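Let us take a friendly walk through this structure, one part at a time.

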Amino acid sequence: MNLLLSGFRVEFDGCPVVVGLDERVAAGEWLCVIGPNGAGKSSLLRGIAGLVPSSGTAQIGERHISDCTARETARLVAYVPQDPILPDDMSVYDYVMLGRNPYVHPFGRESSRDRDVVSRLVAELELAVYARRMLGTLSGGERQRVVVARALAQESPVLLLDEPTSALDIGHQQRALELVDSIRRERSITVVSAMHDLTLAGLYADRLLLLHQGVAVARGGARQVLRSETLAEFYGISARVIHEQDGTVVVVPQRMGGAS
Amino acid sequence: MSTGRPEPVERRKQSESLATPARSVLWWVGGVALVLISAVVGAAIGPAGPAWWRVPLALFDRLPLIGVESGVTDAQWNIVWQIRAPRVVLAALVGAMLSIAGASYQGAFRNPLVDPYLLGVAAGAGLGATVAFVLNREATQHWVIDPVPLAAFVGGLIAVALTYAVGTAFGANRSTTALVLAGVAVTSLATAIQTFVLQRNNDVVRQVYSWILGRLTTASWGDVRLVLPYVAVSSVVLLLHRRLIDVLRVGDDEARALGVNVDRVRLVVVLAATLGTSAAVAVSGLIGFVGIIVPHTVRLLLGASYRRVIPLSMFLGAAFLIAADIPGRVLTSPSETPIGVVTAFFGAPFFLLILRLRDQRA
C-alpha cells in the first residue's frame, strides 16, 4: 500500500523537528531518509508510527493514521527502533510472537493462524534452530534477524526501520539489508528507513530523502542527492563522491584541511 | 547465511509447543493440586486437635457422597474447621495475592526488584488501615462494607503513586534501584506517620500492633469473607492482563508500536495489584518478602514469561504462605511466632541472592 505524507509535522514542546513534509512512497518502494544527527529522521519515523504526536496527514492506503487506535496502527505500520530492547530471558519464538499482538484479543491467546505465521517466519528467516534459545544468547546478526521477524509478524504493509544496521559489522549490514530488500520485493512492503551510511543507503534504497533541521532539502535517486556540494552544505563535510559505472554511488570522506 | 536448510519438522513442533493450550492446562492443574495438598497438610498440623493423619480422612468424610470413618470427635472437628481451616484459607488467599501482585508490579514497572513492600504499598495500606482503626473502630466494624480494606486501599494507592512519581523524577527509567529507593523513602514516611498517629491514640496501640505483626493467628471465616472479594477481583484482572504484561517487557515505546495501550495497561495493573495487596494487608498485617521470593522462584524454575509467572506465582504463593504458617504454630508452641518473622527469615537472604545473581549477569 502507498504511504502518503502531506504537511506532516512533528513537534516536541512546541519546537518543530519535522516541518511540513510532503512525500509519497509507493507500495514495495524503499525510501531512505538521510541527514545529519538531529535532522529529524527518527522523529519522522516515530511520528508515522504514531508514537509521538504529529499534525498534517499520514495515510496508508485509505487509512489516516491519526484515526487509528494503537492496535489498528500496529497492523498498518511495523516500527523497529535503533536499539530494540531484547529481554535476555525471552525465547526467540515468544519474541517473534509479540509481533502478533495487534491480532490477538487483549485478554485472549494466540490462534493457530498466529502460530502458523510465526513458525513460517522463523523458518524463512533461518531462525528455526534458535527458536527456543533465549535472546540474551544471540549474536548481533542473529538479533537483527529476530527483530525483523517480529516486525514482519505484524503483517503490515509499511515497515519503518531506524538505523537497522548501526550495530552490525559490514558483512552483517549487507546481509540484513539484502534480507529487507528481498522481503519487500516478495511481499511488496513499503520500507522507510533512516540510515547513516550514505553509500549503503544509496545502494539499497529506491530513493533518498535528505532531511536538514526537519526540512526535506533534497530528494531523488542516489546520483541526484549524494553530491559533494550537497553533503558539504548539510553535513559540513568534505567528501569525494564516486559514481561507479554500474550506477553505485560511493561516498568517501576526506581529511579536513585538504590533507592528501 | 550460515544455517541454510529449513529445520526438520520435529524440531519445529517442539518450538511451537511452548505456548500451546494443552501445556498450560497441565500447569494450572499442577498449581491447584499443590495448593490443595499444602492446605490439607496445613489443616492437619497444630498443637491441639486430632492426630494429623485423621484430618484428611475427616475432610474426605465431609465431601458429598463419601463416607469415611475418621474417628475425629466433634470437638476435634471444631478445632480443625473453626480454627485451622480459616487460617489456612486466609494464608492461601494472602499468599496468592501478595505473590501475584509482586509479579504484576515487577512487570508493570519493568523492575524485578519491586514487590508490594519495597514499593511502599504495604506501609501505605497499613497507615490507611491504622487511620480507620483510630477513627472509631467500634462504630464502623458492623457496617455492611468494612471500611478498613478501603482505607488501606486509599493509603496503598497514595503510597504507590508517590513512589512512582519520586522514582521517575530521580531516574527510575535509567536504573532499577531508583524506584526501590523511592519505595524505601515512602515506607519510612508512612511508618513515621503511623507511629505518630498511634502515639496520639494510645487506646488502639495494642490492637494495631498485634495486627501489624501478622494477624493470621486470630483468623476467622469472617476475615476470609472480608478479603475474598478483593482478592478475587484483583487476581482475575491481573490474570487477564498477563499476556499484555509480557508485551511490556520490550519497553513502553515498542509495546506501544505493537499496539498496546501502555499507560492504560500499567494503570489498571497497578490499581488491581494495589487493591488486592491493601485488602490482604488489612486482614493479615505486614507479611514481607512473599511478593519477591515467589515470582523469582517461578522464574528460576520455569522461565521469565509473565504468562506463566503470574498464574503460577498465585498458586505457589498460596502454598508457600500455608507452609510458612506451620512452623510459627508448632515450633514455639504454645506461644506463636508471627508469620511475618518466618517469611522475612527466608526472604531476606533470598533477596540478597537475587541481587547477587543480577549483578553477575550485568
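This is a predicted model: local features need pLDDT of at least 70, side-chain atom pairs count only at pLDDT 80 or more; totals for chains, interfaces and linings use all residues.

## Where the two chains meet

On one side, 29 residues of chain B are involved, and they are in contact with 34 residues of chain A. Helix H1 (9-16), helix H11 (242-247) and helix H12 (252-257) of chain B each supply at least two residues of the side of chain B that touches chain A. By residue class, that side of chain B divides into twelve nonpolar, nine charged and eight polar residues.

## Chain B overall

Which kinds of secondary structure does chain B have? Chain B has 16 helices and zero strands. Of its 362 residues, 48% count as buried. If you look at contacts in chain B between residues at least 6 apart in sequence, 77% of them join residues at least 24 apart.

Helix H4 of chain B covers residues 74-108, 35 residues in total. From its first C-alpha to its last it reaches 49 Å, close to the 51 Å expected at 1.5 Å a residue. Where does H4(B) bend? The bend, of about 40°, is at B:Arg84, and a proline, B:Pro86, follows within four residues. After H4(B) comes B:Arg110, and its phi is positive, near 45°.

Helix H8 of chain B (residues 176-200) has 25 residues. Its end-to-end C-alpha reach is 37 Å, close to the expected 36 Å at 1.5 Å a residue. The buried residues in H8(B) are B:Leu179, B:Val180, B:Ala182, B:Gly183, B:Val186, B:Thr187, B:Ala190 and B:Gln194. Helix H5 (121-134) and helix H7 (147-169) of chain B are included in what covers them.

## The sheet of chain A

Over in chain A, six strands form an open sheet with mixed pairing, in the order E6-E7-E8-E3-E9-E10. Strand E6 (77-80) and strand E10 (215-220) of chain A each have a single partner strand and stand at the edges, so one side of each is left without a neighbour in the sheet. From one strand to the next, the twist averages 15°.

The hairpin of E9(A) and E10(A) has two residues between the strands, and A:Gln213 takes a positive phi near 50° in it.

## An enclosed helix in chain A

Is helix H5 of chain A largely enclosed or left open? Eleven of the 14 residues of H5(A) are buried, so H5(A) is largely enclosed by the rest of the structure. The buried residues are A:Glu142, A:Gln144, A:Arg145, A:Val146, A:Val147, A:Val148, A:Ala149, A:Arg150, A:Ala151, A:Leu152 and A:Ala153. What covers them includes strands E6 and E7 of chain A, along with helix H3 (92-98), helix H4 (112-124) and helix H6 (170-187) of chain A.

The length of H5(A) (residues 140-153) also agrees with expectation, because its 14 residues should span 20 Å at 1.5 Å a residue and its end C-alpha atoms are 20 Å apart. Just after H5(A), A:Glu155 takes a positive phi of about 45°.

Definitions and conventions. Residues are numbered from 1 along each chain as its sequence is written. Chains are lettered from A and ligands numbered from 1 in the order in which they are written. Two residues are in contact if their C-beta atoms, placed from the backbone, lie within 7 Å. Ala, Val, Leu, Ile, Met, Phe, Trp, Tyr, Cys and Pro count as nonpolar, Asp, Glu, Lys and Arg as charged, and the others, Gly among them, as polar. A residue is buried if 20 or more other C-beta atoms lie within 10 Å of its own, exposed if 12 or fewer, and partly exposed in between; C-beta atoms are placed from the backbone. The expected span of a helix is 1.5 Å times one less than its number of residues. Two strands pair if DSSP finds at least two bridges between them. Axes are lines fitted to C-alpha atoms, for helices over the stretch in contact, and angles run from 0 to 180 degrees between N-to-C directions. The bend at a residue is the angle between axes fitted to the seven residues ending there and the seven starting there.
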